[in-house]
Amino acid sequence: MTSTPAGARTEAAARAPGAVTAEAAAVVAGLRAAFATGRTRPLDWRLGQLAALRALLTEQREDLLAALHSDLGKGPAEAYRTEIGFTLNELDHTVAHLEEWLRPKPAAVPEAFRPAEASVVREPLGVVLVIAPWNYPLQLALAPLVGALAAGNTVLVKPSELAPATSAAIARLLPRYLDPQAVAVVEGAVAETTALLEQRFDHIFYTGNGAVGRIVMTAAARHLTPVTLELGGKSPVVVDESADLAVTARRIARGKFLNAGQTCVAPDYVLAVGGTAPGLERELAAAVQEAYGEDPAADPEYARIVNTRHFDRLAALLADGRTVTGGGHDRAGRYIAPTVLADVPPDAPVMREEIFGPVLPLVPVADLDEAIAFVNDRDKPLALYAFTESEQTKRRLAAETSSGALVFGLPVSHLAVPALPFGGVGESGMGNYHGEYSLATFSHAKAVLDKPLR
């Protein structure tokens with residue numbers, strides 16, 4: 001376990017489980033002691049930490065980009081836009097509005113209690129645990145950290161061991177820039193995460209898959225700790241006959257194959273309504289070539305699969321339909337070309353499991369009724385996307401489906417709007433964050449009532 005403020009690196013395999021647990025307990029106890037001093041409550045401290053985090057992201061930009069390339073093969077433009085730039089946007093929005101968000105909100109008092117004053121005050125929770133995933137290992141560690149610090153908490157960040165270069169960079173840089181008594185980093189894998197989950201936190205924020213989400217929630221229940229679970233699922237795209245198929249295909253391709261499809265809100269499959277499937281096949285093939293050229297493997301901005309285990313899982317899905325475009329893959333380089341599949345059986349593995357890679361099934365449906373039924377027969381998705389010029393279609397999708405987000409015309413874009421909540425529903429997660437919603441997640445809305453004694 002690597003942790004700060006202790007800052008010492010040791011191999012977990014060389015130590016007994018009890019030692020790992022003891023170290024986790026010590027780190028959490030240190031954060032709790034720091035919170036008890038009140039150091040994190042003043043607005044100046046919160047803004048100072050956010051300014052320091054901004055300095056880290058700008059001053060250490062090249063080191064962070066190198067780490068992201070090492071872990072996922074991310075090109076510098078995509079890595080900056082989706083990891084560093086995204087986090088800076090979240091941070092700047094929070095700094096601009098934090099003082100306003102923290103003002104007590106007046107509340108009306110019933111006539112029977114007057115004269116009296118009532119308000120709602122945001123108070124920090126205490127010690128927060130942020131468990132980050134590997135697919136956006138910087139953004140999904142630091143964007144929740146922005147909210148937790150803005151709310152006045154001490155924070156323990158657990159980066160993903162599957163992105164070791166980025167994990168090491170986070171562990172090295174956060175204690176250099178942030179208050180080391182209030183922010184800690186623990187590196188490691190299952191043993192370290194398990195040891196952390198044995199501790200009592202005041203909030204746990206987890207991004208990842210549903211299987212681990214259940215483990216996190218079970219552990220949190222022992223301490224009655226609230227959780228935010230940012231999970232995933234199969235996010236559908238509905239395309240009806242009113243859509244411009246060329247524009248639609250370009251936007252789907254950009255959203256789907258970003259980070260080689262390893263995005264929790266990437267379009268997972270396309271429901272082609274009516275007679276749109278043949279045209280979509282042609283336009284998606286053209287859109288992939290326009291975005292990545294004849295040989296996507298040569299595009300420095302096209303990412304790689306995180307490891308061979310995930311590569312093997314994805315490569316097996318390539319046989320689940322007719323290849324419209326792509327299909328090429330190289331295990332040694334962890335490369336899978338942007339791939340579109342047609343003639344996919346509804347019960348094929350590619351339609352049963354979250355893909356989380358650059359494979360896009362195309363499923364024809366007769367009409368909007370069938371599309372809505374198809375979506376509703378499955379777990380509620382993290383996002384539902386639609387391409388249509390029909391206002392009636394938009395109204396029906398809004399009224400007759402349930403998803404973490406509903407987005408028309410531009411997949412994945414809602415993440416970059418900090419005034420919108422980001423989160424799932426049902427199997428795709430619980431709770432949300434970004435902007436003021438992060439402040440709500442990481443703080444307690446305390447009711448204050450003042451009735452004079454006279």
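This is a predicted model: local features need pLDDT of at least 70, side-chain atom pairs count only at pLDDT 80 or more; totals for chains, interfaces and linings use all residues.
1. In it, strand β2 is joined to strand β3 (residues 117–124) by three bridges. The two strands run antiparallel. Lys105 sits opposite Val120 in β3. Strands of a sheet pair through backbone hydrogen bonds, either parallel or antiparallel.

2. Now widen the view. β2 and β3 belong to an open sheet of three strands, in the order β2-β3-β19, with antiparallel pairing. β2 (105–107) and β19 (443–450) stand at the edges. Each has a single partner strand, so one side of each has no neighbour in the sheet. From one strand to the next, the twist averages 30°.

3. Look at the loop between β2 and β3, where Pro115 lies. The peptide bond from Arg114 to Pro115 is cis, with omega near 0°. Most residues other than glycine have a negative phi, and most peptide bonds are trans.

4. Two residues call for a check of phi. Asn259 has a phi near 55°, a positive value in a residue other than glycine. Asn259 is found in the loop between α9 (245–257) and β10 (267–273). Its relative accessible area is 0%, so Asn259 is buried. Phe356 also has a positive phi, of about 55°, although it is not a glycine. Phe356 is in the loop between α12 (349–352) and β15 (359–365). At 17% relative accessibility, Phe356 counts as buried, because the cut-off for buried is under 20%.

5. Next, a second sheet. Seven strands form an open sheet in the order β11-β14-β15-β10-β9-β16-β17, with mixed pairing. Its edge strands are β11 (322–325) and β17 (406–408), and each pairs on one side only. Neighbouring strands of this sheet are turned by 25° against each other on average, direction ignored. At one end, β11 and strand β14 (residues 339–342) pair in the antiparallel sense over three bridges. Thr325 has Val340 in β14 as its bridge partner.

6. Is strand β5 buried or exposed? Five of the five residues of β5 (residues 154–158) are buried, so the strand is largely enclosed by the rest of the structure. In a regular strand the side chains alternate between the two faces of the sheet. Both faces of β5 are covered. Thr154, Leu156 and Lys158 are buried on one side, and Val155 and Val157 on the other. Strand β4 (residues 127–131) runs parallel to β5, and five bridges join them. Leu129 stands opposite Leu156 in β5.

7. Where does Arg41 sit? It is in the loop between α1 (17–36) and α2 (43–59). Its relative accessibility is 40%, so Arg41 counts as partly exposed. Leaving out residues up to four places away in sequence, Arg41 touches Phe35, Arg46 and Pro124. Arg41 and Thr154 are 113 residues apart in sequence, but 9.9 Å apart in space, C-alpha to C-alpha.

8. Now a helix pair. Two packed helices are described by the angle between their axes and the distance between the axes. The axes of helix α3 (residues 61–72) and helix α4 (residues 76–102) come within 10 Å. They cross at roughly 105°. α3 and α4 are therefore roughly perpendicular to each other. Arg61, Leu64, Leu65 and Leu68 in α3 meet Pro76, Ala79, Tyr80, Glu83 and Ile84 in α4.

9. Helix α6 (residues 164–177) has 14 residues. From its first C-alpha to its last it reaches 20 Å, close to the 20 Å expected at 1.5 Å a residue. Thr166, Ser167, Ala169, Ile170, Ala171, Leu173, Leu174 and Tyr177 are buried in α6.

10. Finish inside. In soluble globular proteins, nonpolar side chains tend to be buried together. Here the largest nonpolar core has 118 residues. Leu57, Leu145, Leu174, Val239, Val265 and Leu271 have the most contacts inside it. Helix α5 (residues 139–150) gives the most to this core, with nine residues. Apart from this core lies another, of 23 residues, among them Val20, Val127, Leu129 and Tyr206.

11. Take Val239 as one example. Leaving aside neighbours within four places in sequence, its contacts include Leu245, Thr248, Ile252, Val270, Leu271 and Phe387.

Terms used
Residues are numbered from 1 along each chain as its sequence is written. Side-chain values use heavy atoms; hydrogens and water are left out. Helices (H or I, at least four residues) and strands (E, at least two) are DSSP runs, numbered from the N terminus. The expected span of a helix is 1.5 Å times one less than its number of residues. Buried means under 20% relative accessible area, exposed over 50%, partly exposed in between (1.4 Å probe, protein chains only). Two strands pair if DSSP finds at least two bridges between them. Axes are lines fitted to C-alpha atoms, for helices over the stretch in contact, and angles run from 0 to 180 degrees between N-to-C directions. A nonpolar core is a set of buried Ala, Val, Leu, Ile, Met, Phe, Trp, Tyr and Cys residues joined through side-chain atoms within 4.5 Å. Contact means heavy atoms within 4.5 Å. Angles under 35 degrees count as roughly parallel, over 145 as roughly antiparallel, 65 to 115 as roughly perpendicular and the rest as oblique.
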